[in-house]
Every structure is written in C-alpha cells, then in structure tokens.
Amino acid sequence: MNKIEVKVLNPSAIIEAEDMMVTAARLTQRGEKIKNMTDFMKLRESTYKPETVKTMAELPHPTIQKFSVINIAVVGASRRFLAQVTRHQNEVKFMSASLAYSDYSDSVGPNDFVIPYEVMTRPIIQLPLFLATCQASMDAYEKAISLGLDHDSAGYMAPQSLRNVLIISATPYQFKHMISQRTCRRNTDEMRYVMLRIWEELFKLSPEMFSPKTTGPFCVKHHCEEGKMSCGKPFSADVTPTEMIAESFPLLMDSHACEAINCGVKRFEKAVKTQKDEEKTKKNSFTKALKNMLSKGKKEENNEDKAN
C-alpha cells in the first residue's frame, strides 16, 4: 500500500467552503438587515475567527457545508479501492482511468500493483507469490492484446491490485461523511489508509472544519455504531488522522520497512526480466533454427528440380 499519493487539487475551495458556510449561517439570522446587494456583500465580506468555523461545522445543519466542491486526486490506489469507494453516490462524483481506453500491455511491472498491508507484514513468505500472481494476469493481458483482443475485453483479465488514477469531487460535508464511515477499523486496510490520507490533507488546510469531532470515525465523534460487530478498540476523541495512520499502519511510516518491500519488488522485477530475456533468447534461437531449416529445405528442393 506504499506509493499511494493524495492531493487536494483546489485548496482554495476550502477557504471558499468556510466563507460560504459562515455567510449562509449569518444571513439566516440577519435577513432584516439585508436590503440590497451592497448589504449582502458587506455581510459576505465581514471577517470571522477560526472558532466561528469550528462552531458552524459542529452544528447539525449540513446544508451550510454544501456550497463548495473539493477536488482530490488519488494516484496509485487499486481498482479494488475504486470498486468500493464508488458506492458513495450522494453529492460526490468520480473520474477514473478506463480499462476500456487505456493500454497497459507494455507498461505494467511489479511496482504497478498495490501490495496489501497484510502481505507487507510477511514479505518473505507472501510477497513473491502475490506479485507472481498479479504479473501472470498482466502477462496474459499483454498476450491477449498482441493477439488482437480489444482493450475493454482484455481489461477483465487485469488483477484488482492494478494501480489506478482517480479524481474524487465532493462537498465538504460529503467528504466528512465518507471519511467518518471509511476510517472505521471495520473497513478494509487500503480503504482506511486512503481515506485517512484524504482526511490528513483536508485537516492540514482546515483543522476547524475537518476536526476529529466532526470528521473522525463514530468512536471518535461520539460512540461506536457497529453494535456487536464493534472492534472493541476505540480511538481517542482528539486523535488526528496522522496519528491514526501511525497507529494503524506503522510499516508505512517506517522508511526501513518500506525500503525492504521496495527491495523485494526490485528482486522480483529483476527475476521477471531475466525470465523474459531467456524466453526471448530461446524464441529467437528457435526462429533462427526454423529459418535455417526452411532455407536448407528450399535449396534442396531447388537442386532436385534442377536435376530433374
């Protein structure tokens, strides 16, 4: 799960979201003072403190948090993550790389697969088998493309671990809803990690709007809602997304552990290249032998014709 990157594409939208949230809340209480556009703009441009944003964000009125759209790019998450996160449809839009139009036949190697966190904890035993399975799928994909199969049909052969590029566009309120649901320990590791990374970026830009109290999992905001399915390991009420990542995914915060995984991937990549080079050499030798045999046969056939 290393090498997954997250970036807010329009950070100014966070400021706009705060401005619009405060403006929307204020105009509901000061309607009698707004007689014209000048009055409205005066209200719109009036200053406010960070504490005001925090107070507004904690109110049970989600509409005031829906007057801005934040665009976030996620590079390197798997297609399995894509299948899961797109279950969210209310006030959120997605744009993903397409298996029907993209051609992965000549560009995919071991670094193009998301390695599950569980595999990262046991790299010596699990990593070679995992990478070999993924690479075999993409080798079959590449072979199918070379034989004329269209990209869309060949895409069904791609493994779920194949890395993807995704843009998520949503209102602040919807991002908070998704983060709250998907950072719970009951979710898959990759889903939790990506959502924590998204929260981490949003928290840096506005700790008041995306505070743990309004954005964190249920156990952080109030109490666990999983009932008998609860993990029994609640986070503290003031935990930050960075702290949650460090607690849940320590290997991803450990440069030595990540380097060990990268070395394992490089070893596998070298082994695959060696194998392909050997196969290519054998194929070239076979082709050369076949050509020589055919050439020799043709010469003998011509000699026989001349003799007759």
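Modeller: A definition comes before the strands: two strands pair if DSSP finds at least two bridges between them, and strands (E, at least two residues) and helices (H or I, at least four) are DSSP runs numbered from the N terminus. The model is predicted, so local features need pLDDT of at least 70 and side-chain atom pairs count only at pLDDT 80 or more, while totals for chains, interfaces and linings use all residues. Residues are numbered from 1 along each chain as its sequence is written, and side-chain values use heavy atoms, with hydrogens and water left out.

Biologist: Which residue in E4 does Ser-96 stand opposite?

Modeller: Ser-96 stands opposite Leu-166. Strand E3 (residues 92-96) pairs with E4 in the antiparallel sense over five bridges.

Biologist: And how many bridges join E2 to E4?

Modeller: Eight, and E2 (residues 70-78) also runs antiparallel to E4. There, Val-75 has Val-165 as its bridge partner.

Biologist: Is E4 mostly covered or uncovered?

Modeller: Mostly covered: in E4 (residues 163-170), six of the eight residues are buried, that is, under 20% relative accessible area, with exposed over 50% and partly exposed in between (1.4 Å probe, protein chains only).

Biologist: Turning to Leu-202, what does this residue touch?

Modeller: Leu-202 is in contact (heavy atoms within 4.5 Å) with Val-8, Ile-14, Ile-70, Ile-72, Phe-175, Ile-179 and Phe-210, leaving aside residues up to four places away in sequence.
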